[in-house]
Amino acid sequence: MTEPSGRRERKKAATRQKIADTALRLFLERGYDEVGIRDIAAEADVAVTTVFSHFASKEALVFEQDSNFEENLRGAVEGREPAEPLIPVLRGEIQALVRHCTADSVAPVWRMIDGSPALREYEDSMRLRHAESLAAAMAADPGLGRTPTACRAIARFVVDAYSVAREAADPEAAVDEVFRMIEAAWAAASPAVSR
């Protein structure tokens, strides 16, 4: 008899979370470069192949919420009401992420990321992937009326707003400042604006 898919999915999610939590704890205790995938697997009491079935790379263990952020950005575009302006919705998503990523409890994680060239490179590629995903969702929405080029540029600005704000002395004010520029760029990209 097979298990119900709901139960299987819950077990899978619990295993993924256990691996991610174990990896982060080990990275913070020993240092990112001092911990290998085998160490994580042994500590989480799973096989190395199980780690790789949940995470594509060691770097992905640090950014385990990566897919949630990407889904939230796409969902902000695809799930808003037809007449609801896009940029304020995206601002809300970025503000929520900045609040999460600037909390005192995550400061050690960001110090680890900032101190690792491999993690900084992974974060850069992740941001580009998020921007491309967001741009695709924007370009697919006929109600937005912007060119694919405008969507790609605005999407990059939106995703980069998070990193600019995360590093600012006043992250919330930085989000507001960057989004004023994004609003202006979005308005300038409107087909109603004469060229």
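**Exercise 1. Find which residues of the largest nonpolar core touch the most other members.**

Step 1. Start with the term: a nonpolar core is a set of buried Ala, Val, Leu, Ile, Met, Phe, Trp, Tyr and Cys residues joined through side-chain atoms within 4.5 Å. Buried means under 20% relative accessible area, exposed over 50%, and partly exposed in between, with a 1.4 Å probe and protein chains only.

Step 2. The largest core has 57 residues, and L90, I94 and M138 touch the most other members.

Step 3. Now look around M138. Skipping neighbours within four places in sequence, M138 is in contact (heavy atoms within 4.5 Å) with V77, L86, L144, C151, I154, A155 and W186.

Step 4. For background, nonpolar side chains in soluble globular proteins tend to be buried together.

A word on the model: it's predicted, so local features need pLDDT of at least 70 and side-chain atom pairs count only at pLDDT 80 or more, while totals for chains, interfaces and linings use all residues. Residues are numbered from 1 along each chain as its sequence is written, and side-chain values use heavy atoms, leaving out hydrogens and water.

**Exercise 2. Work out how helix α6 and helix α10 run relative to one another.**

Step 1. Locate them: α6 covers residues 86-101 and α10 covers residues 171-188. Helices (H or I, at least four residues) are DSSP runs, numbered from the N terminus.

Step 2. Their axes come within 10 Å and cross at roughly 155°. That makes α6 roughly antiparallel to α10, a label for angles over 145 degrees. Here axes are lines fitted to C-alpha atoms over the stretch in contact, and angles run from 0 to 180 degrees between N-to-C directions.

Step 3. Check who meets whom: on the α6 side, the residues include L86, L90 and I94, and on the α10 side they include V175, F179 and W186. By class, this contact has eleven nonpolar, one polar and six charged residues. Asp, Glu, Lys and Arg count as charged; Ala, Val, Leu, Ile, Met, Phe, Trp, Tyr, Cys and Pro as nonpolar; the others, Gly among them, as polar.

**Exercise 3. Decide whether V51 is buried or exposed, and list its contacts.**

Step 1. Find V51 in helix α3, residues 48-54.

Step 2. V51 counts as buried because its relative accessibility is 1%.

Step 3. Beyond neighbours within four places in sequence, V51 is in contact with I19, I37, A41, V46 and L61. The C-alpha atoms of V51 and A41 are 6.5 Å apart, though the two residues are ten apart along the chain.

Terms used: Helix = DSSP H or I, 4+ residues; strand = E, 2+ residues; numbered from the N terminus. Parallel < 35°, antiparallel > 145°, perpendicular 65-115°, else oblique.
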